[in-house]
Amino acid sequence: MVIVMKAGATQAQIDHVTDRITELGFGVHLSRGTERTIIGVIGDERTLNPSIFEVMDGVEKTVSILPPYRLASREVQPEPTVVRVNGVKVGNQRIVIIAGPCSVESRTQLLETAHAVKEAGASMLRGGAYKPRTSPYSFQGMGLKGLEILAEARAETGLPVVTEVMAPDKVGLVAEYADVLQIGARNMQNYDLLKAVGRAHKPVLLKRGMMSTIEELLMSAEYILSNGNPDVILCERGIRTFETYTRNTTDINAIPALKQLTHLPVIGDPSHGTGKWMLVDAVARALIAAGADGLMVEVHLHPETAMSDGAQSLKPERFAELVRHVRAVAEAVGRTA
Ligand code: PEP
Ligand code: MN
């Protein structure tokens, strides 16, 4: 951190600041200009609250040098993290496609979908058993029964299962059935939930909040990492903008930005990112071209009867086409699928 003193700050004010820095166990680097003095604080500033200096007489402002996250940072860990989910590696040269319905609706629906997405080239199965719905009157998910069906689909197809956990007291239960614990966009800043999955022994798929910055997403990842779980996969799922034609706006920028800022794997969700099935294939290709390590795509046997997110769900044959398109792009950018 750098502390910029006001023009005309007195020696007593400068001494007060440097004494406080030393008291807190940090080093001081003083730089006297012709008009202002700048004080460098030497040490890991992440534990330091800038406001303790900002309120002092003679201080103009503080400037942070380090990103506020540490464990998620690429500076701290330059080599990419590869998250292993059963036999599937996420963050590897090979891109990973997670597919399945928004919600688990019935045993036959899920099993049939699981076989179809596997056949098309998916390497993990998704499906919500606990659904975060805007309306309390909308379908809330099958709960425990949904988890049992997901486990059955894994047993039949061998596909690892990704499913959302919405509450800290459900983490233990969901972790018994799931291979990856999904934290939904609406819960990205539910810090008790982040701590709870941080203590779980299952990889976590952390979706970006629809109104969260890239830095806030990384701070949420930091909660999980700092609670002991190193296996975090980030997911760009679209953010809210002034545009209303689409449900969300896929933030393509976030993919290369995150790849530069963090060593964690980053995937994209073109289904929630667009809200319209007709846009999903093109945006999936864009995400992979931008450097995403994989995709999460909603697939439904009969989108018109889906209990959630039918408008953005692909029929299995369209999903198979998407996989073919994405493979071509992956190869064009030096990846495999
Ligand atoms: C989902 O994956 O079905 C979901 C609810 O996603 P999000 O949390 O990104 O809205
Ligand atoms: Mn959905």
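Trainee: How much of the protein chain is buried?
Mentor: Buried residues account for 53% of the 337 residues in the protein chain. Keep in mind that this is a predicted model.

Trainee: And how many helices and strands are there in the protein chain?
Mentor: The protein chain has 11 helices and 14 strands. Its C-alpha trace spans about 75 × 45 × 40 Å along the principal axes.

Trainee: What about contacts in the protein chain, what share join residues at least 24 apart?
Mentor: That share is 67%, taken among contacts between residues at least 6 apart in sequence.

Trainee: Let's go to the metal. What coordinates the manganese ion (ligand 2)?
Mentor: Cys-102 through SG, His-272 through NE2, Glu-298 through OE and Asp-309 through OD, at 2.0 to 2.4 Å. The spacing of these donor residues in sequence is C-x169-H-x25-E-x10-D.

Trainee: Where do His-272 and Asp-309 lie?
Mentor: His-272 is in helix α9 (residues 270-274), while Asp-309 is in the loop between β14 (294-298) and α11 (316-332). The pair therefore ties together parts that are 37 residues apart in sequence.

Trainee: Is His-272 buried or exposed?
Mentor: Buried, at a relative accessible area of 9%.

Trainee: OK, ligand 1 then. How many residues surround ligand 1?
Mentor: There are 13, and the closest are Arg-126, Ala-185, Arg-186, Lys-207 and Arg-237.

Trainee: Which atoms of Ala-185 and Lys-207 are involved?
Mentor: For Ala-185, a backbone N or O atom sits 2.7 Å from an oxygen atom of ligand 1. For Lys-207, a polar side-chain atom is 2.9 Å from an oxygen atom of ligand 1.

Trainee: Which way does Lys-207 point from strand β11?
Mentor: Lys-207 and Leu-205 point one way from β11 (residues 204-207), with Val-204 and Leu-206 pointing the other way. All four of these residues are buried. In general, side chains in a regular strand alternate between the two faces of the sheet.

Trainee: What is β11 joined to?
Mentor: Strand β10 (residues 180-183) is joined to β11 by 3 bridges, and the two run parallel. Ile-183 has Leu-206 in β11 as its bridge partner.

Trainee: Switching topic: what is the strand order in the open sheet of 4 strands?
Mentor: The order is β2-β3-β1-β4, with antiparallel pairing. At the edges are β2 (27-32) and β4 (59-63), and each has a single partner strand, so one side of each is left without a neighbour in the sheet. From one strand to the next the twist averages 20°.

Trainee: How many bridges join β2 to β3?
Mentor: 6 bridges join β2 to β3 (residues 37-42), and the two strands run antiparallel. Val-28, for one, has Val-41 in β3 as its bridge partner.

Trainee: Which strands does helix α1 lie across?
Mentor: Helix α1 (residues 11-23) lies across β1 (2-5), β2, β3 and β4, and runs at about 155° to β2.

Trainee: Last one: what does Gln-109 touch?
Mentor: Leaving out residues up to four places away in sequence, Gln-109 touches Pro-101, Ser-103, Val-104, His-300 and Leu-301. Gln-109 lies in helix α3 (residues 107-120) and is buried, with a relative accessible area of 8%.

How values were computed. Residues are numbered from 1 along each chain as its sequence is written. Chains are lettered from A and ligands numbered from 1 in the order in which they are written. This is a predicted model: local features need pLDDT of at least 70, side-chain atom pairs count only at pLDDT 80 or more; totals for chains, interfaces and linings use all residues. Side-chain values use heavy atoms; hydrogens and water are left out. Two strands pair if DSSP finds at least two bridges between them. Axes are lines fitted to C-alpha atoms, for helices over the stretch in contact, and angles run from 0 to 180 degrees between N-to-C directions. Contact means heavy atoms within 4.5 Å. Donors are N, O and S atoms within 2.8 Å of the metal (3.2 Å for Na, K and Ca); water is not among the atoms, so sites may look incomplete. Buried means under 20% relative accessible area, exposed over 50%, partly exposed in between (1.4 Å probe, protein chains only). A residue is near a molecule or strand if one of its heavy atoms lies within 4 Å of it. A polar contact is a pair of N or O atoms within 3.5 Å; within protein, one must be able to donate a hydrogen and the other to accept it, and residues adjacent in sequence count only if both atoms are side-chain atoms.
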